[in-house]
Every structure is written in C-alpha cells, then in structure tokens.
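Let's walk through this structure together, starting with an open space and then moving to the place where two chains meet.

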Amino acid sequence: MEIRLADQSFAADRELAQFSSRLDGEGAVVSFVGIARDRSTDGEKVEQLILEAHPRLTLRSMEEIGQAALDRFPISRLRIVHRVGSLLPGEPIVFVAAASAHRRAAFEAADYMMDRLKTDALFWKREDTDSGSRWIEPREDDHVARQRWSEMCPE
Amino acid sequence: MKVIFFGKLRDALGEESDLVAEQGETVAQLRRRLADLHPAASRDLLNPGVRACVDDEIVTEDFIVGDRESVEFLPPLSGG
C-alpha cells in the first residue's frame with residue numbers, strides 16, 4: 001500500500017506514472033483524481049478549500065480503507081494520495097490507483113476506495129467563498145454510495 | 001488538562017484550551033462544562049455528531065477523562 005498525505009500540490013500524472021512503473025506483470029491499472037471545484041453547493045464561487053486533518057488518525061483512516069480494499073478485491077497494489085492544507089479550485093485533492101491482473105477488480109477497488117474516503121476518511125473541509133466560510137458534511141449521495149458496498153457482496 | 005479542537009470547533013474555541021481537570025468527569029460532563037464556558041459554541045459542542053478522542057481512540061460519552069492529560073473533540077467529518 002502506498003498511502004500518504006500531501007501538504008503541497010501533487011501532480012496526478014506523476015503519481016500514476018510512479019505507480020505504474022513498479023508493476024510486476026499486472027494487466028490492469030485504474031486511477032481516479034478528485035479535483036477541487038470552483039463552485040460551492042450553493043453555486044457560490046469558491047476562493048479556496050481548506051483541508052484539516054488529525055495528526056495521526058487521518059492517515060490511519062486512509063490505511064484502514066486501503067487495507068479493506070486489499071482484503072476485499074484481488075488487487076496487488078494500491079496508492080492513495082490526499083491533500084491537506086489550502087487548495088485552489090482546479091487543484092487535485094485526492095488520487096487513488098489500483099493494480100490487478102484483470103480490470104474488473106481494479107475498477108471496483110478504485111470505486112470502493114473513493115466511496116469509503118468520501119464518508120470515512122478523517123478530514124474536515126472548509127469552503128471559503130465571498131460570502132464567508134462553510135464547513136462541509138458528506139452529501140446524501142456519498143452515504144448512499146458507501147452503503148452499496150455493504151449490500152453488494154456478503155463477506 | 002488540555003482540550004484540543006478540530007474543524008468547525010476551532011473557529012469558536014481555538015485549537016487548544018487548558019482546563020483544570022475535574023476528578024471523575026466524563027466526556028458528557030466535560031462537553032457541558034465547555035458549553036457553559038463558551039455559550040456561543042454550545043450548539044456545536046453539544047452536537048451528537050461530535051466525538052471525543054483520548055490517546056488516539058474514539059471514546060464514549062461516559063468515558064472518564066478527569067484523570068487524562070488531554071482530550072480531543074472531533075466534529076462530524078467532511079470525508080475525503
């Protein structure tokens with residue numbers, strides 16, 4: 001598992017290139033990048049996004065998610081990179097990648113990791129707009145998405 | 001006893017607060033004590049989505065913190 005917090009901007013293409021350079025015969029790599037939006041849910045222009053983390057528990061929550069993905073899907077490797085600190089719209093917030101022999105597991109593992117990260121990763125996000133700052137809570141969609149992994153395949 | 005706040009709780013309460021520990025005090029009691037000290041933040045403090053954390057473990061409301069050096073309060077998380 002390659003899991004880390006990044007307090008500076010990272011480049012998704014470099015993460016993917018690094019991840020893929022260490023493949024050991026896997027035929028499939030799937031990756032996802034989450035990008036800071038320039039509009040808040042109210043449609044306001046976002047000036048910056050602040051991501052706060054716990055000194056130890058945030059990384060631990062990410063590692064738990066990574067381990068759960070390894071346990072659940074036949075993937076050989078994964079990478080999770082998540083920003084902390086202040087971000088501008090357009091900057092990457094999160095990168096996940098999974099490698100497996102065949103594509104189905106890699107797609108599912110990446111999808112699973114993102115759904116888990118959206119609801120279970122220990123971050124606090126604040127959107128700063130012209131009219132003020134707002135701390136974010138997960139969207140209903142995120143909880144629904146997280147739920148489907150509980151219903152899908154019985155362990 | 002040090003009380004440490006994250007996320008939205010920091011806005012009203014700052015990052016850290018030093019309180020005199022009270023013997024046998026539970027998380028729930030500490031929350032109410034903090035809410036009394038900071039009425040403007042009481043709704044955020046008493047939000048059931050706020051969790052307490054001691055030694056990097058989430059603890060329940062009846063957990064005794066009176067003998068601890070520090071307690072952290074984590075507001076509802078935003079997710080990744």
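Strand E2 of chain A gives the most residues to the lining of the largest pocket, namely three; strands (E, at least two residues) and helices (H or I, at least four) are DSSP runs numbered from the N terminus. This is a predicted model, where local features need pLDDT of at least 70 and side-chain atom pairs count only at pLDDT 80 or more, while totals for chains, interfaces and linings use all residues. Residues are numbered from 1 along each chain as its sequence is written, chains are lettered from A in the order written, and side-chain values use heavy atoms, without hydrogens or water.

The lining divides into 10 nonpolar, five polar and nine charged residues; Asp, Glu, Lys and Arg count as charged, Ala, Val, Leu, Ile, Met, Phe, Trp, Tyr, Cys and Pro as nonpolar, and the others, Gly among them, as polar.

Now look at where the chains meet. Here 21 residues of chain A are in contact with 17 residues of chain B, contact being heavy atoms within 4.5 Å. In chain A, the residues that lose the most area to chain B are A:Glu52, A:Trp124 and A:Trp135, together 32% of what that side buries; buried area is the accessible area (1.4 Å probe) that two parts lose on being put together, summed over both.

Which residue forms a salt bridge with A:Arg56? The partner is B:Asp56, with the closest N and O atoms 2.5 Å apart. A salt bridge is a side-chain nitrogen of Lys or Arg within 4 Å of a carboxyl oxygen of Asp or Glu, and the rule finds four across this interface.
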